[in-house]
Amino acid sequence: MDDLRCKLLIIGAGPGGYVCGIRAGQLGIDTIVVEADKLGGTCLNVGCIPSKALIHAADEFYKIANIASSPLGISTNPPELNFGKTIDWKDGIVNRLNTGVSGLMKRANTRLIIGSAHFLDGKTVEVTSTQGKQIIRAEYIVIATGSKPAELDYLPFGSDVISSTEVLSLSEVPKKLSIVGGGYIGLEIGTAFAKLGAEVTIVEFADNILPQYDKDLTRPIVKNLKKLGVNILTNTSAKGTSNGALLIETNSGKTQKIDADKILVTVGRSPRTTTIGMEELSLTMNGQFIQIDDKCQTSMRGVYAIGDVTGNPMLAHRAMAQGEMVAEIIAGHERQWDKRCIPAVCFTDPEIVDCGLSLEAASQSGIEIRIGTFPFTANARAMTMECEEGFIRIIARADNHLILGIQGVGVGISELSAAFAIAIEMGACLEDIAGTIHAHPTQSEGLQEACLKALGHALHI
């Protein structure tokens, strides 16, 4: 195969890589994207998108199964679940999005090569594909290889111990599912399978599930998990397996077995950097992650890194924003990373949104703050949807009322994440949001009401 040359070579076609490739193509940059597997990376194929599809299917099934106990006056026959058809529907969504990304790259005149990339030096990469080996030389290279589920030595992945990748392609709902790790991935998937009828146990080493969030935000999630019959074991460590059971140990030293058809390990993710020839480069690392500056430039001139390989937060939308920025920098635009916040969403039941400074960080910042909280029990739209659990909380400076952080928990609150982020990114003050007319009846009124509460003149609480 002939050697290739281009101005920009992107290794990895996940959210960061394909966005970088599309934007670079739009800007007229001669670009090649190399992807070892499928377009869209983890998020599109075995992460964000398929998990949200499964969550939606589980929500619908659970609603129908429990409609008889609802006060709405609706009754129906007991539902039946064809899980194979559910998985087919999920896969159909993934395939549609794969095709869409491919079409966008072609429209931008960005070349795609399916194969495994390996650095020879900071300007040269060898790609191995089904057609053989090929050398690509580029003026600029972007590392966007993403991450993979972290594995525990004493719980290696296999037929019964699985990662978030395998759990989204199971052929049937396991009768008993044990989840090691009480972070957002484990809880999202655990909630979905509990609604589909699985007996779910969550094992978390920390004092609380979702330890990155404060207890006010996680309290409604814990309440609903218990309602679903999920067994939550905190201050507990997984130790291994024995005859189809998960071995655990409490902080008091007590050991026991938990019967499990499948054991799902969700203890974080590791960057995919071990197979691309990183040893041929001279990159400054930050632990296992590639160190970058505010332009996503690594310690090597002309080599950039974006997305999960650069560390937390490992979020698709962060990678996308980085990819777009890097493409514009290479095109000669003056850009740098100056985002005030990266919204984080946990798609549990109910959902959590966290934007800007957390309550703990704001309280420890040394800045005098104002806090306003509005509960959905006082929101008319939430009442009409039977979604009164949760609240919106706003944190602002006490002196000039600049909004520093917004958090919320509630059904469907993920759709308010953009409003939260815009308020912080645009430098809004409490008066800006409080003085904006919000449509009634909507859950978004909670944002306005929280600002009014912080200003000392709440109207509906």
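Predicted model: local features only at pLDDT ≥ 70, side-chain atom pairs only at ≥ 80, totals over all residues.

Analyst: **A loop and its setting**

Valine 203 stands opposite leucine 233, a residue of β11. Residues are numbered from 1 along each chain as its sequence is written, and side-chain values rest on heavy atoms, with hydrogens and water left out. Helices (H or I, at least four residues) and strands (E, at least two) are DSSP runs numbered from the N terminus.

The strands β10 and β11 run parallel and are joined by three bridges; two strands pair if DSSP finds at least two bridges between them. Both belong to an open sheet of five strands with parallel pairing, in the order β8-β15-β9-β10-β11. Its edges are β8 (161-162) and β11 (231-233), each of which pairs on one side only.

The loop between β10 (199-203) and α7 (215-227) contains glutamate 204. Is this glutamate 204 buried or exposed, and how far away is the nearest side chain of opposite charge? Glutamate 204 is buried and has no salt bridge, with lysine 215, the nearest side chain of opposite charge, 13 Å away. Buried means under 20% relative accessible area, exposed over 50%, and partly exposed in between (1.4 Å probe, protein chains only). A salt bridge requires a side-chain nitrogen of Lys or Arg within 4 Å of a carboxyl oxygen of Asp or Glu. In assigning charge, Lys and Arg count as positive and Asp and Glu as negative, while His and the chain ends are not counted.

The side chain of glutamate 204 instead meets backbone nitrogens. One of its polar atoms lies 2.6 Å from the backbone nitrogen of glycine 182, and the side chain also reaches the backbone nitrogen of alanine 206 at 2.8 Å. These are polar contacts, that is, pairs of N or O atoms within 3.5 Å; within protein, one atom must be able to donate a hydrogen and the other to accept it, and residues adjacent in sequence count only if both atoms are side-chain atoms. When residues up to four places away in sequence are set aside, glutamate 204 touches Gly181, Gly182, Gly183, Ile209, Pro211, Leu233, Thr234, Asn235 and Thr236. Contact here means heavy atoms within 4.5 Å.

Asparagine 235, one of these neighbours, lies in the loop between β11 and β12 (236-242). Its phi is near 50°, a positive value in a residue other than glycine. Most residues other than glycine have a negative phi, and most peptide bonds are trans. Asparagine 235 counts as partly exposed because its relative accessibility is 25%. A further positive phi, of about 50°, occurs at asparagine 243, which is placed in the loop between β12 and β13 (245-250). With a relative accessible area of 78%, asparagine 243 is exposed.

The side chains of lysine 223 and glutamate 389 meet in a salt bridge of 3.2 Å, N to O. Lysine 223 sits in α7 and glutamate 389 in the loop between α10 (380-384) and β23 (391-397), so the pair ties together parts that are 166 residues apart in sequence. Glutamate 389 is partly exposed at a relative accessible area of 36%, whereas lysine 223 counts as exposed at 52%. Salt bridges that share partners also join Asp214, Asp216, Arg219 and Arg393 into one network.

Across the structure there are 16 salt bridges. Among them, arginine 137 pairs with aspartate 3, the closest N and O atoms being 3.2 Å apart. That pair links distant parts of the chain, with arginine 137 in strand β6 and aspartate 3 in the segment before β1, 134 residues apart. Arginine 137 counts as partly exposed at 31% relative accessibility, and aspartate 3 as partly exposed at 45%. Against this background, glutamate 204 is a buried residue with no salt bridge, whose side chain meets the backbone nitrogens of glycine 182 and alanine 206.
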